[in-house]
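Me: I'd like to learn how to read charges and strands in a model. Could you walk me through one?

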Amino acid sequence: MGSRFVATTAATVLLLAMTAACGSGGGASGGDSGTIHVMVYGDATNKVEKQLVDTFNKTSPVKVVLDTVPGADYQQKLQTVINTPQAPDVFFNWGGGSIQPFVKADLLLPLDEFIAKDPGLKTNFLPSVFNSAVVDGKPYGVPMRGTQPVLLFHNKKVLADAGLTPPKTWDELLTTTKALKAKGITPIALGGADKWPTLMWFEYLYDRVAGPGLFQKAVEGDKAAWAGEDSRKALAALRELTDTGAFGTNFDSVKFTDGGSPALVAKGKAAFELMGSWYYSTQQDANPDFVKNGLGYTGFPSVTGGKGEATAVVGNTNNFYSVLKKTKHPEAAAAFLKLMYSDEFVKAQLAVGNLPTTTNTVNFLDTAASPEYSKYQFELVKAAPSFQLSWDQAYPPSAMTPLQTAIQQFFNGKLDADGFVKAMQALPTS
């Protein structure tokens, strides 16, 4: 879950304004001490990364030093050091827009040669995930940790008591929300005060209505994409949903991050919540009985006449390891990356609740914290014809605040469709 939040932290340090930090080197451009530094987001998952580092160091003459940075500080720390002598050799990121400025600044090593020598660095990962770290046609990252697709979660009892079933189409969702509202139940919980949960509704509606091409064009700088017919169809569908009162009246004062919106679903005050796959562990921590007896989950509804496929997903494809071009030990970095598709890696990640995106993950799903849930996610991602990276991660960090503001203002009625289109066209794409 933390890896979702840090990517939406304001990154205000401009790449071109970075200056070399003081102190001794030791990373990619520091003194060659026979080590490579791997910089990661600091959280509970670090125990897996430490395990893999220990495994690597048992046989490698070049040793890995794991540098963990607290999650709240990671994004700014990375941008501060990446163009200095203290830069790591390998670093944790989110692919997409999170590494685009570094590629543009020619700081990253394309992984073509690594893959030519070991095709498994590409073929052992699900394609829809691996491609999230491809920039300008070149691969710059190898997946690590686990995938985080966005699912439509629900309270089984609330739906059953109302004589309803999870909607498979957008029209069914509209009908279901009206029926729930008539019974005095908030149809859909939303942590609108956090802003980024609202974004998930836009990501899926645009994908279902227009297919993945519209957003891909937009994030590549085609401003006309936002003004087209499909964009306006998606906005009209969202407006129709909000106008039904699907989210209640105070969604902009409710947060996901403090447990507010998940509690509404767990307590039966709301029926649905659209959220990343970490929602399961969030509810498991706070409401284990509800998870055991009442939490359901499905994919996002299809849209009749839409260009997008009903099996496409949005969310966070994975986290990635990228390599600095100036590393003194590229061979060691390549050897370390090979561990990211090892059986040891897969089993260790599943044990902490992550779902790796390697092709051999399926062999170990029965060892997961919740085999049924892990199998559902794996099949969902495996079958997906496309996996759209969260918009606020596909765009560069400088776009995050204006993007989220426009999303929130359209949802609460402060922006009309023209205003939203104009705001999206103004987003920086590089």
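Below we talk through salt bridges, a charged patch and a strand.

Me: What should I know before I start?

Reply: This is a predicted model, so to speak of local features we need pLDDT of at least 70, side-chain atom pairs count only at pLDDT 80 or more, and totals for chains, interfaces and linings use all residues. Residues are numbered from 1 along each chain as its sequence is written, and side-chain values use heavy atoms, with hydrogens and water left out.

Me: How many salt bridges are there by the rule?

Reply: A salt bridge is a side-chain nitrogen of Lys or Arg within 4 Å of a carboxyl oxygen of Asp or Glu. That rule gives eleven salt bridges here. One of them joins Asp106 and Lys325, at 2.4 Å from N to O. This pair links distant parts of the chain, 219 residues apart: Asp106 is in the loop between α4 and α5, and Lys325 in the loop between β12 and α16. Helices (H or I, at least four residues) and strands (E, at least two) are DSSP runs, numbered from the N terminus.

Me: Which salt bridge does Glu229 form?

Reply: Its partner is Lys233, with the closest N and O atoms 3.6 Å apart. Both residues sit in helix α12, four residues apart, about one turn of the helix.

Me: Are Arg208 and Asp207 buried or exposed?

Reply: Buried means under 20% relative accessible area, exposed over 50%, partly exposed in between (1.4 Å probe, protein chains only). Arg208 and Asp207 are both buried, and they form a salt bridge at 3.7 Å between the closest N and O atoms. Glu229, by contrast, counts as exposed because its relative accessibility is 59%, while Lys233 is partly exposed at 43%.

Me: Which residues form the negative surface patch?

Reply: Patch residues have over 30% relative accessible area and no salt bridge, and like charges are joined within 9 Å; Asp and Glu count as negative. Here the patch is made of Asp171, Glu172, Glu240 and Asp243. Helices α9 and α12 each give two or more residues to it. Asp243 lies in α12 and is exposed, since its relative accessible area is 61%.

Me: What covers the two faces of a strand like β10?

Reply: In a regular strand, side chains alternate between the two faces of the sheet. In β10 (residues 295-298), Leu295 and Tyr297 on one side and Gly296 and Thr298 on the other are all buried, so both faces are covered. Strands pair if DSSP finds at least two bridges between them; β7 (residues 148-155) and β10 run antiparallel and are joined by four. Asn155 has Leu295 of β10 as its bridge partner.

Methods: Patch = residues over 30% accessible without salt bridge, like charges linked within 9 Å, V, L, I, M, F, W, Y side chains within 5 Å. Areas by Shrake-Rupley, 256 points an atom, 1.4 Å probe, with all protein chains shown as cover. Charge placed at Lys NZ, Arg CZ, Asp CG, Glu CD.
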